[in-house]
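Please look over the sequence and the model before reading on.

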Amino acid sequence: MMADDILRTIDSLVAEEHRLREQAPGKGLDPEERARLQVLEQRLDQCWDLLRRRRAEADSGADPQRVEARPVAEVESYEQ
């Protein structure tokens, strides 16, 4: 996935996250929607991590394509 592809994925995930959150005021999310929101948040964290790491590789002159997405459990364990 190239940087532009990652950014398109991020945009798509953010749009879906916003749609879900816009449904929530007053009634909240049902269990399925909450589960989907959690998946979206995890996937966004994964995409942002991948984008940052690929940009760092490119800045150092290395091949950014060799950087793969990390597992959600690894990305979620980082302190922000």
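The model is a predicted one.

**Helix α1**

Helix α1 covers residues 3–23. Its 21 residues should span 30 Å at 1.5 Å a residue, and the end C-alpha atoms are 30 Å apart, which agrees. Buried in α1 are Ile 6, Ile 10, Leu 13, Glu 17 and Leu 20. Viewed down the axis of α1, these buried residues fall within an arc of 90°, so they line one face of the helix. Asp 4, Arg 8, Asp 11 and Glu 22 are exposed on the other side of α1. The cover over the buried residues of α1 includes α2, residues 31–59.

**Helix α2 and its packing**

Helix α2 has 29 residues. From its first C-alpha to its last, α2 reaches 42 Å, close to the 42 Å expected at 1.5 Å a residue.

| Helix | Residues in helix | Distance between end C-alpha atoms |
|---|---|---|
| α1 | 21 residues | 30 Å |
| α2 | 29 residues | 42 Å |

The buried residues of α2 include Leu 37, Leu 40, Leu 44, Cys 47, Leu 50 and Leu 51. Glu 33, Gln 46, Asp 49, Arg 54 and Glu 57 are also among the buried residues of α2. What do the buried residues of α2 pack against? They pack against α1 and α3.

How do α1 and α2 lie relative to each other? Their axes come within 9 Å and cross at roughly 155°. An angle over 145 degrees counts as roughly antiparallel, and α1 is therefore roughly antiparallel to α2. The crossing of α1 and α2 is left-handed.

**Glu 33**

Leaving aside neighbours within four places in sequence, Glu 33 is in contact with Leu 20, Gln 23, Lys 27 and Gly 28.

**Glu 76**

Glu 76 belongs to helix α3, residues 72–76. With a relative accessible area of 38%, Glu 76 is partly exposed. Not counting residues up to four places away in sequence, Glu 76 touches Glu 41, Gln 42 and Asp 45. Glu 76 and Arg 43 are 33 residues apart in sequence, and their C-alpha atoms are 10.0 Å apart in space.

Methods. Residues numbered from 1 in each chain as written. Predicted model: local features only at pLDDT ≥ 70, side-chain atom pairs only at ≥ 80, totals over all residues. Heavy atoms only, no water. Helix = DSSP H or I, 4+ residues; strand = E, 2+ residues; numbered from the N terminus. Expected span 1.5 Å × (residues − 1). Buried < 20%, exposed > 50% of the residue type's maximum accessible area, 1.4 Å probe, protein only. Arc of directions from axis to C-beta. Contact = heavy atoms within 4.5 Å. Axes fitted to C-alpha atoms, helices over the stretch in contact; angles between N-to-C directions. Parallel < 35°, antiparallel > 145°, perpendicular 65-115°, else oblique. Left-handed = near helix turned anticlockwise from the far one by under 90°.
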